[in-house]
Amino acid sequence: MHVVCLGVVKKILMLWKGSFRVERRDVNNQKLNNRIIKNISDRLLSIKTYIPCDFVRKPRSLDELARWKATEYRLFLLYVGIVSIHSIVPKKLYQHFLSLSIAMTIYLSPNFRDLAEFAKLLMFKFVKDFGSLYGNHLISHNVHALIHLFDDYNNFGSLDSVSCFKFENYMGHLKKTCS
């Protein structure tokens with residue numbers, strides 16, 4: 001939840017949108033133009049009605065990115081992002097995002113243990129390519145931590161079994177009992 005969704009996925013989307021502060025003199029070469037951002041937002045909003053009720057939050061526009069919750073970043077990473085950005089963003093950015101999405105799909109499933117080594121390779125490539133795409137100065141602890149998810153998967157099984165999402169989703173129930 002924190003490393004992947006609120007860390008890396010949020011960072012990528014903010015870099016694409018150009019709303020991530022780059023503190024050095026380095027320029028964000030991966031900032032997408034406003035037309036592309038609008039196209040992605042339009043796609044997200046157009047599939048909103050097709051998202052089943054199993055998902056608590058429906059896709060929102062990238063204009064509201066600063067207010068997205070972790071579940072929205074997860075929805076984007078695992079389900080709607082691949083479709084929303086396909087043929088809109090440059091191919092190298094699409095493939096880079098796709099490698100993160102596939103690796104996380106593997107790590108979140110208890111049924112893909114035989115693909116864990118492949119996910120590990122995808123994550124190493126993702127981190128390496130992150131530096132060349134966005135700049136090594138933007139490889140944060142969260143980006144680096146991705147290469148250690150393989151160890152967590154081996155130690156604990158599916159990362160969904162040790163995720164904070166189930167606790168976060170229970171917060172609403174706790175709030176209602178307190179009021």
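This is a predicted model: local features need pLDDT of at least 70, side-chain atom pairs count only at pLDDT 80 or more; totals for chains, interfaces and linings use all residues.
1. Contact here means heavy atoms within 4.5 Å. From α4 come Lys 92, Leu 93, His 96, Ser 99, Leu 100, Ile 102, Ala 103, Met 104, Ile 106 and Tyr 107. From α5 they meet Ala 116, Phe 118, Ala 119, Lys 120, Leu 122, Met 123, Phe 126, Asp 129, Phe 130, Leu 133 and Tyr 134. By class, this contact has 16 nonpolar, two polar and three charged residues.

2. Next, the geometry. Two packed helices are described by the angle between their axes and the distance between the axes. The axes of α4 and α5 cross at roughly 150°. They come within 9 Å. Angles over 145 degrees count as roughly antiparallel, so α4 and α5 fall in that class. The crossing of α4 past α5 is left-handed.

3. Now turn to the contact of α5 with α1. Helix α1 covers residues 4-17, and helix α5 covers residues 116-134. Their axes lie 13 Å apart, at an angle of about 25°. The two helices are therefore roughly parallel to each other. The cut-off behind that word is an angle under 35 degrees. α1 passes α5 in a left-handed crossing.

4. Which residues of α1 and α5 meet? On the α1 side they are Val 8, Lys 11, Ile 12, Leu 15 and Trp 16. On the α5 side they are Phe 126, Phe 130 and Tyr 134. The contact of α1 with α5 holds seven nonpolar residues, no polar ones and one charged. Note that Phe 126, Phe 130 and Tyr 134 are also among the α5 residues that meet α4.

5. Helix α4 has another partner. Helix α4 (residues 91-108) packs with helix α7 (residues 149-156) at an angle of about 15°. Their axes are 10 Å apart. That angle makes α4 roughly parallel to α7. The crossing of α4 and α7 is left-handed. Met 104, Ile 106 and Tyr 107 in α4 meet Leu 149, Phe 150 and Tyr 153 in α7. This contact counts six nonpolar residues, with no polar and no charged ones.

6. Last, the empty space. Rolling a probe the size of a water molecule over the atoms shows where empty space is left. How many cavities of 30 Å³ or more does the structure hold? It holds one. The volume of the largest cavity is about 30 Å³.

7. What lines the largest cavity? The residues are Leu 44, Pro 59, Trp 68, Glu 72, Leu 75, Phe 76 and Val 80. Helix α3 (residues 70-85) gives the largest share, four residues. By class, the lining has six nonpolar, no polar and one charged.

Note on methods
Residues are numbered from 1 along each chain as its sequence is written. Side-chain values use heavy atoms; hydrogens and water are left out. On a 1 Å grid over the protein atoms alone, a cavity is a set of points where a 1.4 Å probe fits but cannot get out, and a pocket is an open set with protein on both sides within 12 Å along at least five of seven lines; lining residues have an atom within 4 Å of a point. Grid points are joined across faces, edges and corners, and a volume is the space filled by probe spheres set on the points. Ala, Val, Leu, Ile, Met, Phe, Trp, Tyr, Cys and Pro count as nonpolar, Asp, Glu, Lys and Arg as charged, and the others, Gly among them, as polar. Axes are lines fitted to C-alpha atoms, for helices over the stretch in contact, and angles run from 0 to 180 degrees between N-to-C directions. Angles under 35 degrees count as roughly parallel, over 145 as roughly antiparallel, 65 to 115 as roughly perpendicular and the rest as oblique. A crossing is left-handed if the near helix is turned anticlockwise from the far one by less than a right angle, and right-handed if clockwise.
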